[in-house]
Structure formats: C-alpha cells, structure tokens
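Me: I've got the sequence and the model open side by side. Can we go through some of the labels and ask what stands behind each one?

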Amino acid sequence: MKIDLHEITVRDLVEGYHDDGEGGVRGYGGKLDIRPPFQREFVYKDKQRDAVIETINKGFPLNVMYWTVRQDGTYEVIDGQQRTISAAQYVEGDYSLDGLYFFNLQDDQKERILDYELQVYVCDGTDSEKLAWFRVINIAGEKLTDQELRNAVYAGPWVSDAKRYFSRPQGPAYAVGNKYVRGSPIRQEYLETAIQWLKDEGQTVEDYMGAHQHDPTATTLWNHFQSVINRVEAVFPKYRNPMKGVDWGGLYGCLQDESLDPERLEAEVARLMIDDDVTKQAGIYPYLLTGEEKHLNIRAFTPAMKQKAFEIQKGICKVCAEAFEIAAMEADHITPWAEGGKINEQNCQMLCKPCNRRKSNK
C-alpha cells in the first residue's frame, strides 16, 4: 500500500466546489468526492465550523486529513469531510465569522486563507489494505461506521446505486423497512443490514461488496430487501415493537414456507408476549419459525427453587437415582416448558448433569 503526504491549499481544495445536496459534494477541480451521494450530511455545529476558520486565519495546523485514490484516478475524503466543507462553505460565502463573510475581507486576508496549506495523506492500495488502514485511523471525532468505511473502499457504480435506495433519510428502504430495521440510513446501517440479509453463508459483507463493486446497479439487493419485508408482513400482519431489529433476512427461508398460518402464529405471538417466563420478546418470532427455544431466553429456575427441590429429593437424581452434591446437578422442567410447564417450584426437579444432558438431547 502506498501512502503519501500532500500539502493542498484551500484555494485548490475549493476549486470547482459544488454541493448538490443529496447528489453529493465535490471539490479540488471536480476530482475530490467530499461527500458521496446520500452519505452523511454536514454535522458540525456553528462553534466547530467557526473554529476551523479561526485555525486557518491564525495559521495554526488543522488535524491531518485522509483521502483515498479511486480506480478512475479521482479521490474520496475518508476523514476530514466536516473540516473540508467548513472551509469551502466559508470561501463560498455560505456563512460569516464575527459578522464578516469571506467577500467582506481585505485582499490580503483572503489570500492568507486561500494559501493555507492542508496536510492530506493520500492512500492507494488494495481493498483489504485500505479497509485495514481506514479502521486504524478512524479513532477520533465522529467515527465512521464499518459500512461507511466499506463504501469508501468499494466505491463504484454498485455502491452509488445502493445508496440511492438505502442511504436516504426518508428514502425507499426507510419507507419500506423502518419498522423492522434498526439504525440510520445516513450512517449506512440499512445498507449493511440489506447485505447481511442477502450474502451467502460464510461470506462477509466485504466479500459481497467486492464481488459486486462494478455491477451497474444494486437492483438485486433492493428487490431482496423488499421481498423479505413483504414476507414478514404477510406472515406476521400485526406489527409489534419487538419485531424491530429481528434478523428477518436470516429467517427468510423459514418465512417462505407456504404452510405457515398467520392466524395461528398471531395467537401464539399473543400468548407468548404475556408469558412471564419469556424474557426476550423479540425472540418469539425466530422461535415460532425455527422451534428453537434458545431465542426466547426462558427464565431460569431461581437458586431457591433449585435448593428446595434438592432438599426434597435428598440429593437423589430423579432419573438415575444416584446421590449427588447440588453443584453436580441441574434444574429440569418436570413438564417441559414447550408443553405448558411453568418456571416454578412445583415444576422443578433436580437431575445429575449427565442425565439432564441426555434428556435435553432427545
């Protein structure tokens, strides 16, 4: 990987500066992608923005910025977006400092700002090298999410098209999935979720993005995302808050089972929602689709319940009839929880660990 330090003046940085809103922000003669389309909006408060200009005016050094070289020879800002936009907006006359806009300054004051040199590290290397480097430098300020870092590394037509669907605050993915997906479109968490839902088992998000980096569109990803949400709403038509954040993509294969009965499932959801033994309500949905109780985090027998059962049994395992210390035994449901057995002392028995394991594996 090649990393070079460049000194770039504010004059060169703001040449050709253009802010197209959701379409992105460019500068450096059109060669620098300051904020890619649908990426995070400008977040500096007035005090932070003004501090950038005061630092430049006094000739003090700003923190080093980081760019990456794209395959077409253009650049993208990895770290320093807010400082770059602060400087460019001031020169463009978008805001004033101490009541003075840039165009109100004397010529020598303007030149001092335009000639100010920014320290910029420019990185050129393989995708994996860039990603590793970006994660190392991403340690201060408003940290980039993992997906924002990936977007920079795998920039191309596929990422640009994917952002159109998944990165807008009130965009298509948000409109379809905001009740089911956690996170923020702007921070690229919707895009990350969509990829997690579609990628192959054993494949990483980076693997998927690398394989599709040069695809002209992200239509396949968008269509799959919609299909998952549509199937969730068909199988579980009554929405409840615990549905938000469930790994619906991972359950998509189960959701496609045409034998699923929405009315029966709704009755089960309603029953489990008020079951005091269920400590993780979001796990109700994967439990009903997979049958695996682990999703529910069933409430455990209390130490007092275990001790009482141990004393009543005089330390004798209910299966093998051997005597054990309590530390060598485990609590077991007399009537299985799935068959209506409750977590109470009347339904608690103590088994030695080997017998309990054998029973659980049946």
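Me: Why is strand 9 called largely enclosed by the rest of the structure?

Reply: Because five of the five residues of strand 9 are buried, and buried means under 20% relative accessible area, with exposed over 50% and partly exposed in between (1.4 Å probe, protein chains only). Strands here are DSSP runs (E, at least two residues), helices likewise (H or I, at least four), numbered from the N terminus. This is a predicted model, in which local features need pLDDT of at least 70 and side-chain atom pairs count only at pLDDT 80 or more, while totals for chains, interfaces and linings use all residues. Residues are numbered from 1 along each chain as its sequence is written, and side-chain values use heavy atoms, leaving out hydrogens and water.

Me: What makes strand 8 and strand 9 a pair?

Reply: Two strands pair if DSSP finds at least two bridges between them. Strand 8 (residues 329–333) and strand 9 (residues 348–352) are joined by five and run antiparallel, so they meet that cut-off. E330 stands opposite L351, and D332 opposite Q349.

Me: How many residues line the second largest pocket, and which are closest to its centre?

Reply: A pocket is an open set of points on a 1 Å grid over the protein atoms alone, with protein on both sides within 12 Å along at least five of seven lines; lining residues have an atom within 4 Å of a point. About 430 Å³ of space lies in this one. It has 16 lining residues, and E293, D332, H333, W337 and S360 are the closest to its centre. Strand 8 and helix 16 (353–360) each supply at least two residues of the lining.

Me: Why is D4 called partly exposed?

Reply: Because its relative accessibility is 30%. D4 lies in strand 1 (residues 2–9).

Note on methods:
On a 1 Å grid over the protein atoms alone, a cavity is a set of points where a 1.4 Å probe fits but cannot get out, and a pocket is an open set with protein on both sides within 12 Å along at least five of seven lines; lining residues have an atom within 4 Å of a point. Grid points are joined across faces, edges and corners, and a volume is the space filled by probe spheres set on the points.
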